[in-house]
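Keep the sequence and the 3D view side by side.

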Amino acid sequence: FEKTLKLNVGELHLLWSASTYTPPWYRGKALPTRGSMVKIIALPNLFINGRRISANSLTYNWSLDDKLSKNSSGRGRDTFSITPDQSPGIPHKVKLAVTDDTKAIAYEKTIEVASHAPAITFYQLLPLEGPAYQKSLSKLELNSGDEAKIMGVPFFFSIHSLPLLKYLWNVGGNLLASESTNPDILHYQTEPGSSGTQAISLKIENPSYIFERGENIFTIYVQ
């Protein structure tokens, strides 16, 4: 008698993307943060006897932290969304099991998605050139009598919460009143004949979600 051998080969990839903010010039990947939306998409490339199996004909069973997500699973359900609620650095485990109708092929893939803390980076606003994005600030040297404009740029805050964010500038321990038009910009004026150092901090927070906040600090040296 003749026996037909089914040769099943292929690969399964999981890719994720986070709905968090990065500036248009930023070339890195937007990182997930607590409370943000993360979308995972499955990219199956599976074959039976040289015939590629359509991704829409496969059944996708998604699990989050070892719990089957029935509402997100089923035939053709190749995307899965989660909202990380763990503290930064503590990952969620996303597992996908893929099968065809005949159960002739079965693949599994697991990835970990960890949240990160929102971040703030400072840049100087130059009078003619605009923001000096090529160099972030950890310190700034000024001559007495000079002035400077500093921009605080948020990274990895949820894109849905951007209109809600509050900018809290602190200069030498004094909280400044936030400007309604450009709350992300600090106008710093030095006194003629003055010298010394001043710590400048910025806290950005979402009043509607206490876990969405970031803070950074830099130093101005006046001479």
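Asp66 sits in the loop between strand S4 (59–64) and strand S5 (67–68). Strands here are DSSP runs of E, at least two residues long, numbered from the N terminus. The model is predicted, so local features need pLDDT of at least 70, side-chain atom pairs count only at pLDDT 80 or more, and totals for chains, interfaces and linings use all residues. Residues are numbered from 1 along each chain as its sequence is written, and side-chain values use heavy atoms, with hydrogens and water left out.

Stay with Asp66 for a moment. Its phi is near 70 degrees, a positive value in a residue other than glycine. Most residues other than glycine have a negative phi. Asp66 counts as exposed because its relative accessibility is 58%. The cut-offs are these: buried is under 20% relative accessible area, exposed is over 50%, and partly exposed lies in between (1.4 Å probe, protein chains only).

Now turn to the sheets. Strands of a sheet pair through backbone hydrogen bonds, either parallel or antiparallel. Two strands count as paired if DSSP finds at least two bridges between them.

S13 and S16 run antiparallel to each other over 5 bridges. Find Lys149: its bridge partner in S16 is His187.

Another open sheet has 5 strands, ordered S12-S18-S17-S14-S15, and its pairing is mixed. Its edge strands are S12 (139–142) and S15 (174–175), each pairing on one side only. Strand S14 (residues 166–171) pairs with S15 in the antiparallel sense over 2 bridges. There, Asn170 stands opposite Leu175 in S15.

What lies between S13 and S14? A loop, and Phe156 is in it. Phi of Phe156 is near 70 degrees, again a positive value in a residue other than glycine. Is Phe156 buried or exposed? At 8% relative accessibility, Phe156 counts as buried.

Ser161 is found in the loop between S13 and S14. Ser161 counts as buried, at 5% relative accessibility. The Ser161 side chain reaches the backbone oxygen of Ser158 at 3.0 Å. Leaving out residues up to four places away in sequence, Ser161 touches Asn206 and Glu212; contact means heavy atoms within 4.5 Å.

Methods. Helices (H or I, at least four residues) and strands (E, at least two) are DSSP runs, numbered from the N terminus. A polar contact is a pair of N or O atoms within 3.5 Å; within protein, one must be able to donate a hydrogen and the other to accept it, and residues adjacent in sequence count only if both atoms are side-chain atoms.
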